[in-house]
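Here are a few notes to read with the model open beside you.

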Amino acid sequence: MVGAVSTQFWRRLRFLGSLAICASVVPVRGEAAAQDRSDQDRERAHPMLTQIKQDLRQYYYDSTFRDLNLDSAYERSRAAIDEAPSFKHMLAIVAQFVDNLKDSHTRFIPPGLALNVRYGWTTKTIGDSCYIDWVRKDSDAEKKGLKRGERLVTWDRMEASRRSMRILSYVYYALSPREFVKLVVESPDGLLREVTVKAEIKRAQSVVDYTTLEARAQLSHQAEATFRANIHTTRSFGDTVMVWRFPSFRYGDRYLGEMFSHARKHRALILDLRGNGGGSLATELDMVSHLFDREVVVGTMVERSGKTKQVAKPVGDPFLGRLIILLDSGSASASEILARTAQLEYRATLVGDRTAGAVVASLYYYHRIGHTKGMDYALQVSVADFVMSDGKRLEGVGVTPDETILPTPEDLVKEQDPVMAHALAMVGIEIDSKKAAKIFRK
């Protein structure tokens, strides 16, 4: 039966990583420390596990499941559910079953909790390390002295790294939110300290009446915020260079032609794909079409039904000036395909950090367990792999830039952007890192 998944989860879920999920699941403080090991809980968890196994067997792009014995993993998970002390642990076992595939776009979306969780701080991965990137004013994190630019060493005794942050985000935002988190951070001067931060956890409405003015206003606000987060932003420096912040690859982006008509008035283009999590492959192919005056084989889509070559054909008047592409750990999916294509074709210089390494196509499958008191859950499944024109995959690998430029903790503290400053210097625009961080401020 088709169901729906909490909007909070869609907004906050990130990629799965490779840590043990079950070991990090504990109840939110204020709930019972151990839930009843009831037959009702197991009657919910077992059908979820079975349905997810069926989805994987039917839809996952690799019929060998990346050499995973799916049946054996399923039986181990069934046995673990029978011994699990709480429903939270049962959900963690289901999540671990899916995580055995070690696939960035295949993940279990648990039943939506009626909770709004705000930890009061966010992180940014630079290189292989994680740093505090933002601290909310008047939050407990600010009161405890957590500061932007501090390196996150451990999160509740789990090492914080590029690899582990995927699973940490999944566990703490989607699977098992916590009221308190214990962090070990390192200041820019090398001092280590432990900080226990209290999160804001509020009960949300499990059923929303969208006929009310308040609910409709909230929905409108969310829609506007989503629109603003995906809007294109540009800045021109005479006719020398146009800097284009490209936030996401929206399907059928009608602004591409207009943006490239502006770009053609400049000798160079800096395409900022930092934080761009990807999106539509069709839009990515459109971008390639605007950057070449010839046909380009981008790669091959590999599905169970067969292989499909992905080719970008040139538009009538492409941009052929100098191209510099900015990347970071948040550049994923279509961003990675575009950057690697430009790199393989010697069309651009890539500057910044190694990308996310999350390059597969996926779909969501929704389910509901129960009737009068139903639980909605879902599975995101990778339905196609992508192989670049050189025969190599980007999944789990990412794109390594031609010039690696990483912000330092001091850059974060002072809100500087050395990556943008370096890219502008490459085309003859000298600007310090502080001003480079503000070129889109207006």
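1. Where is the place of T341? T341 sits in helix α10, residues 334-344 (helices are DSSP runs of H or I with at least four residues, strands are runs of E with at least two, and both are numbered from the N terminus). T341 counts as buried because its relative accessibility is 2% (buried means under 20% relative accessible area, exposed over 50%, partly exposed in between, with a 1.4 Å probe and protein chains only). Leaving out neighbours within four places in sequence, T341 is in contact with E284, V288, V296, V298 and M388 (contact means heavy atoms within 4.5 Å).

2. Some ground rules: this is a predicted model, where local features need pLDDT of at least 70 and side-chain atom pairs count only at pLDDT 80 or more, while totals for chains, interfaces and linings use all residues. Residues are numbered from 1 along each chain as its sequence is written, and side-chain values use heavy atoms, with hydrogens and water left out.

3. Have a look at S382, in strand β18 (residues 375-388). S382 is buried, with a relative accessible area of 0%. Not counting residues up to four places away in sequence, S382 touches Y59, Y60, Y61, D103, H105, T106, V360, A361 and S362. With D103 there is also a side-chain polar contact of 2.6 Å (a pair of N or O atoms within 3.5 Å; within protein, one must be able to donate a hydrogen and the other to accept it, and residues adjacent in sequence count only if both atoms are side-chain atoms).

4. Next, a helix pair. The axes of α3 (residues 70-83) and α4 (residues 87-99) come within 10 Å and cross at roughly 170° (axes are lines fitted to C-alpha atoms, for helices over the stretch in contact, and angles run from 0 to 180 degrees between N-to-C directions). That makes α3 roughly antiparallel to α4 (the term applies to angles over 145 degrees). L70, A73, Y74, S77, A80 and I81 in α3 meet M90, I93, V94 and F97 in α4.

5. In helix α8 (residues 256-263), the buried residues include L256, M259, F260 and A263. They cover an arc of only 95° around the axis, so they are on the same side of α8 (the arc is that of the directions from the helix axis to the C-beta atoms). The buried residues of α8 pack against β10, β11, β12 and α9.

6. S333 lies between β15 and α10, and Y346 between α10 and β16.

Technical notes
Angles under 35 degrees count as roughly parallel, over 145 as roughly antiparallel, 65 to 115 as roughly perpendicular and the rest as oblique.
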